[in-house]
Amino acid sequence: MPVKVVVPVQGFDGVMLRIVPGAAPGDILATLILKHPDSALSITLAETEHSDDLAEVAAVHSNEREIIARS
């Protein structure tokens with residue numbers, strides 16, 4: 001049976017970008033995360049292995065956050 005958890009947006013610390021080395025030298029794994037003080041409630045928003053995608057991923061989610069904030 002699926003479980004639904006409702007967490008107020010004020011409960012989150014903010015958006016975090018985690019970058020770790022990839023499998024090969026020069027590769028990365030970047031993860032955009034909606035960070036919560038309880039790491040089990042943090043939400044992965046996007047992942048990429050290409051550094052060129054980082055700005056685009058961050059911009060898309062920044063625009064989504066602005067829309068939510070205006071609501």
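What follows is a chat about the fold, surface and a few residues of this predicted model.

Student: Hi! Before we start, what sort of model is this, and how are residues numbered?

Tutor: It is a predicted model, where local features need pLDDT of at least 70, side-chain atom pairs count only at pLDDT 80 or more, and totals for chains, interfaces and linings use all residues. Residues are numbered from 1 along each chain as its sequence is written, and side-chain values use heavy atoms, with hydrogens and water left out.

Student: Thanks. How many helices and strands does the chain have?

Tutor: There are one helix and three strands, and along the sequence they follow the pattern β-β-β-α. Both kinds of element are DSSP runs numbered from the N terminus: helices are H or I with at least four residues, strands E with at least two.

Student: And in what order do the strands sit in the sheet?

Tutor: The order is β1-β2-β3, in an open sheet with antiparallel pairing. Two strands pair if DSSP finds at least two bridges between them. β1 (14–21) and β3 (43–48) are at the edges with a single partner strand each, so one side of each has no neighbour in the sheet.

Student: How many bridges join β1 and β2?

Tutor: Eight, in the antiparallel sense, with β2 covering residues 28–35. In that pairing, M16 stands opposite I33 of β2.

Student: Switching topic: which side chains make a salt bridge?

Tutor: D13 and K35 do, at 3.4 Å from N to O. The count is one salt bridge, where the term means a side-chain nitrogen of Lys or Arg within 4 Å of a carboxyl oxygen of Asp or Glu. D13 lies in the segment before β1 and K35 in strand β2, 22 residues apart.

Student: Is D13 buried or exposed?

Tutor: D13 counts as exposed, at 52% relative accessibility, while K35 is partly exposed at 30%. Buried means under 20% relative accessible area, exposed over 50%, and partly exposed in between (1.4 Å probe, protein chains only).

Student: OK, what about T48? Buried or exposed?

Tutor: T48, in strand β3, is buried, with a relative accessible area of 8%.

Student: Which residues is T48 in contact with?

Tutor: Leaving aside neighbours within four places in sequence, T48 is in contact with I28, L29, A30, D53 and L54. Contact means heavy atoms within 4.5 Å.

Student: Last one: how much of the chain is buried?

Tutor: Buried residues make up 14% of the 71 residues.
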